[in-house]
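My notes are kept in the order in which I looked.

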Amino acid sequence: MNFVSTRRTFAMRLGSLFSALGFTAVGLTTRATAQSSQDANAIRKLNAEGKPGGEKDVIMPVVIHNGLIYVSGQGAHDTRDQKEWTIESHTSMVMDKVKKMVEIGGGTMDTVLQANVFLVKIEHWDGMHKVFATYFPHGGPARTTVAVAALPGDSLVEINCIAAVARK
């Protein structure tokens, strides 16, 4: 008991001395800086609900690393009759998903830096572009648009993007 009391007394006196000399703040600042540096370098993988992904998840819709948000390809996966599908409705569905994923990662549509658009028909470019532009009233990101043979879920368009984290 006496040994514990002596250690406690010593620690309190040493802490008081360091505090008086200003070393406590320096030590805490250094530790906090090292911790935030580690956090910034961590890779966070989130599912579509914003929860950490499990080890069985093969593809994560949101990955955050070094202040950037990587959003995997989002498709429309429309369940309506195929005759009712339009590039405008599919682009709206996809962009709503992209917006949700960017926000889950801590960004906004204004922080989207780059986007890749995949179309099943290049003739859909005008319709896709008109809808796409409405999601970026302050100017859009760098973008690449290509036509592909087919997309999963028979979607007419798929979009992935990279955005910057806007909040901490």
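The entries below go from the whole chain to the sheet and then to single residues.

**Ground rules.** I am working with a predicted model, in which local features need pLDDT of at least 70 and side-chain atom pairs count only at pLDDT 80 or more, while totals for chains, interfaces and linings use all residues. I number residues from 1 along each chain as its sequence is written, and side-chain values use heavy atoms, with hydrogens and water left out.

**Overall.** I looked up the secondary structure, taken as DSSP runs numbered from the N terminus (helices are H or I with at least four residues, strands are E with at least two), and found four helices and six strands. Their order from the N terminus is α-α-β-β-β-α-β-α-β-β. Of the 168 residues, 27% count as buried, where buried means under 20% relative accessible area, exposed over 50% and partly exposed in between, with a 1.4 Å probe and protein chains only. I also noted that 69% of the contacts between residues at least 6 apart in sequence join residues at least 24 apart, a contact being heavy atoms within 4.5 Å.

**Sheet.** The six strands form an open sheet of mixed pairing in the order E1-E2-E3-E6-E4-E5, two strands being paired if DSSP finds at least two bridges between them. E1 and strand E5 (142-147) are the edge strands, each pairing on one side only. Seven bridges join E4 (residues 112-119) to E6 (residues 157-164), and these two run antiparallel; within this region I traced asparagine 116 to its bridge partner in E6, asparagine 160. Helix H4 (residues 125-134) packs on the sheet, where it touches E4, E5 and E6, and its direction makes about 150° with that of E5; axes are lines fitted to C-alpha atoms, for helices over the stretch in contact, and angles run from 0 to 180 degrees between N-to-C directions.

**Methionine 95.** I found this residue in helix H3 (residues 87-104), and methionine 95 counts as buried because its relative accessibility is 1%. Leaving out residues up to four places away in sequence, methionine 95 touches Met109, Phe132, Tyr135, Phe136 and Ile159. Isoleucine 159 is 64 residues away from methionine 95 in sequence, yet their C-alpha atoms are 7.7 Å apart.

**Asparagine 47.** This residue lies in the loop between strand E1 (44-46) and strand E2 (62-65), and with a relative accessible area of 19% asparagine 47 is buried. The side chain of asparagine 47 reaches the backbone nitrogen of glutamate 49 at 2.9 Å.

Note on methods
A polar contact is a pair of N or O atoms within 3.5 Å; within protein, one must be able to donate a hydrogen and the other to accept it, and residues adjacent in sequence count only if both atoms are side-chain atoms.
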